[in-house]
Amino acid sequence: MSKLVLLDIDGTLIASDGTGRAAMEAALIEIFGTAGDIATYRFGGRTDRDNVFTLLGAVGVPEEQIEAHFVRLGPLVAQGIERLVSSKQKIIRALPGALTLYDALHASSDTTIGVVTGNFRESAAAKMRAGGFDPVRVVAGAYGSESADRNQLPPLAVQRAFEATGLRFRGTDVVVIGDTVRDVRAGHAIGAKVITVLTGADDYDALCDAGADLILDDLSDNGQVLEAIFTD
Ligand SMILES: [Mg+2]
């Protein structure tokens, strides 16, 4: 039985020490002259398209101006992340069990690796590389630059998985692994199973209220995660 596993990045695979926030702040200031109220902004589970329009809209940057320059942001944020990490100003580390799980998913002929993340495509890859996850293994990705609404992303990843593998993943053929209420909602919107971890933005009560199918402290028990992936 073949499964498409859609991995979230921040709070699920990696802890980023505010690297993304710092890189986003620098990129927004470089392009728009302001990053709005980014210091107190809550990113958890939101997409970067949502984040950018919300942050800049709140300080009066016109939507047309944001749209005109939006495409420049992904590469710029990724460069910022790479610079912060290589200069050791920030550390991105893999969360417990995440690297071995990623290896196991890659090694299994019954799993296809997907990514559904609020990050831009470029910054997603930069964060993954910094955490030790080879982004080349991602067969089907959907990224936060593609919609302000996270719920729009899993269907894109499912379609891309079909285009890459010829397999039609439906219902619980798809398993989302994430750390926020928004991961739960986006997964359930396509009938996927959603496994959540407490290494990220949202706490047990929030994930429980959202209806997460499984709530784990972290991914360290790979056997338990894999069993959950393969149990409908
Ligand atoms: Mg996350």
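Relative accessible area sorts residues into buried (under 20%), exposed (over 50%) and partly exposed (in between), with a 1.4 Å probe and protein chains only. The structure is a predicted model, in which local features need pLDDT of at least 70 and side-chain atom pairs count only at pLDDT 80 or more, while totals for chains, interfaces and linings use all residues. Residues are numbered from 1 along each chain as its sequence is written, and side-chain values use heavy atoms, with hydrogens and water left out.

**Magnesium site**

The magnesium ion is coordinated by D8 (OD), D10 (O) and D179 (OD), at 2.1 to 2.2 Å. Donors are N, O and S atoms within 2.8 Å of the metal (3.2 Å for Na, K and Ca); water is not among the atoms, so sites may look incomplete. Along the sequence, the donor residues follow the spacing D-x1-D-x168-D. Two of these donors have the following accessibility.

| Residue | Relative accessibility | Class |
|---|---|---|
| D8 | 5% | buried |
| D10 | 25% | partly exposed |

**Nonpolar core**

A nonpolar core is a set of buried Ala, Val, Leu, Ile, Met, Phe, Trp, Tyr and Cys residues joined through side-chain atoms within 4.5 Å. The largest one has 51 residues, and L28, V52, L73 and I177 have the most contacts inside it. Helix α3 (residues 63-86) supplies the largest share of this core, eight residues; helices are DSSP runs (H or I) of at least four residues, numbered from the N terminus. Because domain 1 (3-16 + 93-230) and domain 2 (19-86) both give residues to this core, it lies between them. The domain bounds come from an automatic or database domain assignment.

Notes. Helices (H or I, at least four residues) and strands (E, at least two) are DSSP runs, numbered from the N terminus.
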